[in-house]
Amino acid sequence: MLIKQALPNFISPIAPEELAGLSLEEEFESRLITGSTTSRQWSLTQGPFSEATFETLPEKEWTLLVQGVDRQLDEIHDLIQHFDFIPRWRFDDVMISYAAQGGSVGPHFDYYDVFLLQGSGQRHWTLSSQFCTLDNYLEDVPLRIMDKFVPEQTLIAEPGDVLYVPPKIAHHGVSMSDDCTTLSFGYRSYSTQELFEHSQDVKAGYYQDPIWQNQQTPALIPNSAVQMANKINAISTVDFAKFVTKLDTLDVQILQQFEYAQQAVKFKADTVYQLHPACKIAYLKIDGNIQVFLNGLLINTQGLDSQDLMDFCNMRELQTSSLPDLTRQLFDLHVLYET
């Protein structure tokens with residue numbers, strides 16, 4: 001579904017030159033892709049890159065991808081709230097791409113829900129529901145590019161437009177200009193193998209979302225989500241909450257680097273703190289009580305006001321005067337920073 005001017009008069013917080021600058025840094029996972037469906041010749045290079053890398057690139061048909069930009073830049077992280085009709089614990093990261101004229105990553109499909117926000121320039125999109133199978137890929141190519149791709153729908157995205165692509169829908173975006181940037185907001189799917197890793201009798205597949213009831217509570221894990229997981233195999237509410245808030249390896253590393261940088265920072269008793277973007281937080285309502293899960297762990301919130309806790313989880317912000325003990329606890333865990 002293409003939503004024209006979903007963000008009217010949108011101006012991307014990051015320019016192509018700035019994105020290239022991020023790809024020079026070790027903190028960011030970056031890739032360079034060259035090729036086209038016409039030549040069927042593709043190459044993939046992993047970053048970090050150097051300035052010399054960009055001086056040797058061709059004039060067209062190349063793409064730069066930078067993962068996890070929301071983990072490092074607040075102005076990118078703040079954009080996620082536009083998609084909070086989907087629970088935040090389903091969110092993965094923001095990947096930003098810059099493509100020269102004709103640049104593309106080839107036709108492919110994901111098991112993610114993806115919202116593609118056009119930042120600058122124009123991108124030509126072709127979509128298809130056909131041949132989205134794991135055996136339909138080009139051989140001897142370092143990317144998962146589909147061999148058979150039959151276009152069913154064609155769209156053009158301009159700045160402020162958002163294209164939603166569901167799981168297992170093939171999409172092929174090609175830059176129509178030399179200033180094409182696209183921000184990709186990915187919501188991960190849970191495979192049955194990872195969700196029920198300790199079970200031996202689970203069939204291969206993916207967790208299916210319930211119908212979300214948007215109540216401005218992006219951190220809430222509703223009973224309907226746990227019920228959908230239990231349609232696949234038995235899992236407790238607590239175990240489900242721990243799973244969906246568990247960090248991947250890269251985010252663990254990001255928080256370790258943040259902890260090192262925070263060692264000399266002193267706690268302030270009269271300020272507002274923000275939860276680090278790499279953190280995953282969610283809460284359950286069980287028998288009228290609130291249970292809060294942070295980075296895969298149940299944290300101690302006994303005796304704290306329920307509404308203050310829910311506000312914190314949904315807004316990812318802590319007012320020291322409202323929850324002083326919790327603020328200090330999380331500050332000492334190095335997951336908060338001053339806004």
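Trainee: How much space lies in the largest pocket?

Mentor: About 830 Å³. Keep in mind that this is a predicted model.

Trainee: Which residues are closest to the centre of the largest pocket?

Mentor: Arg31, Met95, Val105, His108 and Asp110 are the closest. They belong to a lining of 32 residues.

Trainee: Which strand gives the most to that lining?

Mentor: Strand S5, with four residues. Other strands take part too. S2, S4, S6, S7, S10 and S11 are among those that each supply at least two residues.

Trainee: How does the lining of the largest pocket divide by residue type?

Mentor: Into 14 nonpolar, 12 polar and six charged residues.

Trainee: Let us turn to strand S2. Is S2 mostly covered or mostly open?

Mentor: Mostly covered. S2 spans residues 30-36, and six of its seven residues are buried.

Trainee: Which strands pair with S2?

Mentor: S3 and S4. Five bridges join S2 to S4, residues 62-66, and the two run antiparallel. S2 and S3, residues 41-46, are also antiparallel, over six bridges.

Trainee: What should I look for in the hairpin of S2 and S3?

Mentor: Look at Arg40, which takes a positive phi near 55°. Four residues lie between the strands of this hairpin.

Trainee: Now the open sheet. What is its strand order?

Mentor: S13-S14-S15, three strands with antiparallel pairing.

Trainee: Why is one side of S13 and of S15 left without a neighbour in the sheet?

Mentor: Because S13 (281-286) and S15 (297-298) stand at the edges, each with a single partner strand. S14, residues 289-294, pairs with S15 over two bridges. There, Leu294 has Leu297 of S15 as its bridge partner.

Trainee: How does the lining of the largest cavity divide?

Mentor: Seven residues are nonpolar, one is polar and six are charged.

Trainee: Which residues line the second largest cavity?

Mentor: Glu27, Phe28, Glu29, Gln67, Gly68, Arg71, Gln72, Leu250 and Ile254. That lining divides into three nonpolar, three polar and three charged residues. The space comes to about 60 Å³.

Trainee: One last residue. Where does Thr327 lie?

Mentor: In helix H9, residues 324-332.

Trainee: Is Thr327 buried or exposed?

Mentor: Check the relative accessible area. Buried means under 20%. Thr327 has 0%, so Thr327 is buried.

Trainee: What lies 2.6 Å from a polar atom of the side chain of Thr327?

Mentor: The backbone oxygen of Leu323.

Trainee: Which residues beyond four places in sequence are in contact with Thr327?

Mentor: Phe267, Tyr273, Leu318, Gln319, Thr320 and Leu336.

Note on methods. Residues numbered from 1 in each chain as written. Predicted model: local features only at pLDDT ≥ 70, side-chain atom pairs only at ≥ 80, totals over all residues. Heavy atoms only, no water. Buried < 20%, exposed > 50% of the residue type's maximum accessible area, 1.4 Å probe, protein only. Polar contact = N/O pair within 3.5 Å; in protein donor to acceptor, adjacent residues only side chain to side chain. Contact = heavy atoms within 4.5 Å. Pairing = 2+ DSSP bridges. 1 Å grid on protein atoms, 1.4 Å probe; cavity = no way out; pocket = protein on both sides within 12 Å on 5 of 7 lines; lining within 4 Å. Points joined across faces, edges and corners; volume = space filled by probe spheres on them. Nonpolar A, V, L, I, M, F, W, Y, C, P; charged D, E, K, R; others polar.
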